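Thanks for coming. I will take a few minutes on one structure, which is on the screen now.

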Amino acid sequence: MKLELDHIAVAGESLEEAVAHAEAAIGMPLLPGGEHPRYGTHNQLLGLGQGLYLEAIAIDPAAPPPQDARWFGLDDFSGPARLDKWICRVPDMSAALAALPMAGKPVDLERGRLQWVMSVPEDGRLPFDGMFPALIEWKSPVRAGAMLSASGTWLETLEVTHPEADKLEALLAPFLDAPLVSFVTGPKPGLRAELRTPQGQRRILQ
């Protein structure tokens with residue numbers, strides 16, 4: 001069982017704020033995404049090369065509220081839009097959750113041609129103040145990152161900061177196969193992504 005980086009997510013109090021933050025940082029427009037009825041959210045996307053992508057996500061005000069907590073801790077999200085989550089794909093969600101039960105419970109989802117299983121904690125909040133990666137197993141033959149058109153933007157590094165970064169890294173190390181990801185001990189949890197774009201080097205911060 002291994003974890004590979006699948007995508008990174010910019011959250012906002014509204015999708016417009018999340019998209020504006022991502023576009024200002026990267027310097028190019030995001031593509032239309034869609035809705036997630038199961039959790040009452042919607043998104044927009046940008047391919048980052050190597051099958052990776054960036055997702056801007058927020059609560060959909062037009063959707064009925066879900067019966068349980070929204071994923072990515074979005075029920076508690078407030079403040080400026082920011083890089084807020086990282087998501088790793090796994091080949092077998094059952095095996096992944098047996099090894100890392102704190103990731104949550106498996107939830108089956110689909111949209112159009114895409115089918116996947118996501119790990120979602122009961123309260124929607126990922127461990128380590130949200131710095132623990134959400135887990136995804138793609139069931140559709142082609143995953144989302146491989147379906148997105150090339151944008152000319154590439155993720156070069158993703159830095160995960162947390163006061164207990166050493167513990168988080170040790171927990172994930174036996175499984176994590178993501179050379180772009182590094183862990184830094186710091187007073188405030190956060191993510192930093194360094195990207196190479198047609199306009200030069202760019203950075204997205206939490």
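Buried here means under 20% relative accessible area, exposed means over 50%, and partly exposed is in between, using a 1.4 Å probe and protein chains only. Ser-140 is found in the loop between S8 and helix H3 (144-147). Leaving aside residues up to four places away in sequence, Ser-140 touches Arg-113, Leu-114 and Gln-115. Touching, or contact, means heavy atoms within 4.5 Å.

A word on the source. This is a predicted model, in which local features need pLDDT of at least 70 and side-chain atom pairs count only at pLDDT 80 or more, while totals for chains, interfaces and linings use all residues. Residues are numbered from 1 along each chain as its sequence is written, and side-chain values use heavy atoms, with hydrogens and water left out.

Now the sheet. Helices (H or I, at least four residues) and strands (E, at least two) are DSSP runs, numbered from the N terminus. Two strands pair if DSSP finds at least two bridges between them. Eight strands form an open sheet in the order S2-S3-S4-S1-S5-S8-S7-S6, and the pairing is mixed. Strand S2 (31-36) and strand S6 (105-111) are at the edges with a single partner strand each, so one side of each has no neighbour in the sheet. From one strand to the next, the twist averages 30°. Axes for such angles are lines fitted to C-alpha atoms, for helices over the stretch in contact, and angles run from 0 to 180 degrees between N-to-C directions.

Helix H1 (residues 15-26) packs on this sheet and touches S1, S3, S4 and S5. The direction of H1 makes about 155° with that of S4.

What about strand S1, residues 4-11? Seven of its eight residues are buried, so S1 is largely enclosed by the rest of the structure. S1 runs antiparallel to strand S5 (residues 82-89), joined by seven bridges, and Ile-8 stands opposite Trp-86 in S5. With strand S4 (residues 53-59), S1 pairs in the parallel sense over five bridges; here Ala-11 stands opposite Ile-57.

S5 has eight of its eight residues buried, so S5 too is largely enclosed by the rest of the structure. Three bridges join S5 to strand S8 (residues 134-138) in parallel, with Ile-87 opposite Ala-134.

Most residues other than glycine have a negative phi. Phe-72, in the loop between S4 and S5, has a positive phi of about 60°. Asp-129, in the loop between strand S7 (114-120) and S8, has a positive phi near 55°. Phe-72 counts as buried at 7% relative accessibility, whereas Asp-129 counts as exposed at 59%.

Last, which residues lie nearest the centre of the largest pocket? They are Gly-73, Asp-76, Asp-84, Lys-85 and Asp-129, out of 15 lining residues. A pocket is an open set of points on a 1 Å grid over the protein atoms alone, where a 1.4 Å probe fits, with protein on both sides within 12 Å along at least five of seven lines; lining residues have an atom within 4 Å of a point. The space in this pocket is about 240 Å³, a volume being the space filled by probe spheres set on the points.
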